[in-house]
Amino acid sequence: MDETPLLELRDINKIYENGYHAVRGVSYKLGPGHLVGLIGPNGCGKSTMMHCINRLHDTTSGEILIDGESVLKKSPSEIAKIVANVPAEIKNSFGLTAYETVMLGRYPYMKNMWWEPVEEEEYVLKTMENFGVAHLKDRQLNMLSSGEQQRVLIAKAYVQNPRLMLVDEPTSHLDMKYKLDVMEYLTAMVRKDMTILVAEHDISLMARYCDTCIIMKKGKIVDMGDPKEIITPELIEDVYEVSATVGKDNDGELFILPKRYRNKGGFQI
Ligand code: ADP
Ligand code: MG
């Protein structure tokens, strides 16, 4: 990559206040227009790393650059215009409706915080239609199903008009069709030159949709590249300590199937 990357991490470390070293010497560069899968076991530092990028957490050492400039030099509203966040779940939606939630994505662009211009309202409603959530607009976010909430949160991130989207475990609670829908939405945004970093446990889904995967283990990157090349039974064994079959279906798409434990008698309780 010759030109300035959209995102660059240089030797990032995050040590929490209790001394836990969650991200260890992570470095990589991403250009525009990539769908990047972030894969690794629970607790390996995926969310922590994403929170460092959007400055929800301060890094302990290292540098994060967006368009070649340190994120520390950017104000929160500047960052919000470039980086949007889709959290895994909403812990408290403060009684906001789906429409109000999506509208929040427009606030970095609004000069007046007290009312929304008509064109903003139209843009938000049009986007909600595109993401199949317009009919939910007056419902409270926390009353919606996981799949509906996830679509609303993606619509909110989309109207922020970011160049980088950080999506944390978007499909964990979703059925097959909703999972594919989410990945199709993300793919459509990548076609518009957005880069999306998505943490996700469904490796088969990641292998289908992502052009690049970053594999993490215990706070470090163990591999990065085209999932079709890097995802192997050896990698799965190394990272997850699980034996798995890695195969190709009739369309040539990768699938990953974990094998059941074969140690004598299985787990003993
Ligand atoms: P992942 O998203 O890959 O599941 P996280 O980034 O959430 O992992 O967590 C990485 C590690 O950091 C875990 O061991 C977790 O317990 C720990 N951790 C997360 N948040 C904190 C915190 N605020 N203080 C201390 N340790 C934390
Ligand atoms: Mg996480």
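Let's start with Y16: one of its polar side-chain atoms sits 3.3 Å from a nitrogen atom of ligand 1. I'm calling that a polar contact, meaning a pair of N or O atoms within 3.5 Å; within protein, one must be able to donate a hydrogen and the other to accept it, and residues adjacent in sequence count only if both atoms are side-chain atoms. Before we go on, this is a predicted model, where local features need pLDDT of at least 70, side-chain atom pairs count only at pLDDT 80 or more, and totals for chains, interfaces and linings use all residues. Residues are numbered from 1 along each chain as its sequence is written, chains are lettered from A and ligands numbered from 1 in the order in which they are written, and side-chain values use heavy atoms, with hydrogens and water left out.

Back to the ligand. A backbone N or O atom of G43 lies 2.7 Å from an oxygen atom of ligand 1, and a polar backbone atom of C44 is 3.2 Å from an oxygen atom of the ligand. On its own, ligand 1 exposes 560 Å², and the protein buries 64% of that (accessible areas by the Shrake-Rupley method with a 1.4 Å probe).

Who else is around it? The residues surrounding ligand 1 include N18, Y20, K46, S47 and T48, where near means a heavy atom within 4 Å. By class, this shell has 5 nonpolar, 6 polar and 1 charged residues. Helix α1 (residues 46-53) gives the largest share, 3 residues; helices here are DSSP runs of H or I, at least four residues, and strands are runs of E, at least two.

The largest pocket has a volume of about 450 Å³. It is lined by 24 residues, and the closest to its centre are P87, E89, I90, K91 and L153. A pocket is an open set of points on a 1 Å grid where a 1.4 Å probe fits, with protein on both sides within 12 Å along at least five of seven lines; lining residues have an atom within 4 Å of a point.

Where does the largest pocket lie? Domain 1 (1-82 + 162-227) and domain 2 (94-161) both give residues to its lining, so it lies between them.

The second largest pocket has a volume of about 330 Å³. Of its 15 lining residues, N54, P76, A80, V83 and Q160 are the closest to its centre. Elements giving two or more residues to this lining are α2 (76-82) and β6.

Conventions
Nonpolar A, V, L, I, M, F, W, Y, C, P; charged D, E, K, R; others polar. Points joined across faces, edges and corners; volume = space filled by probe spheres on them. Domains from an automatic or database assignment.
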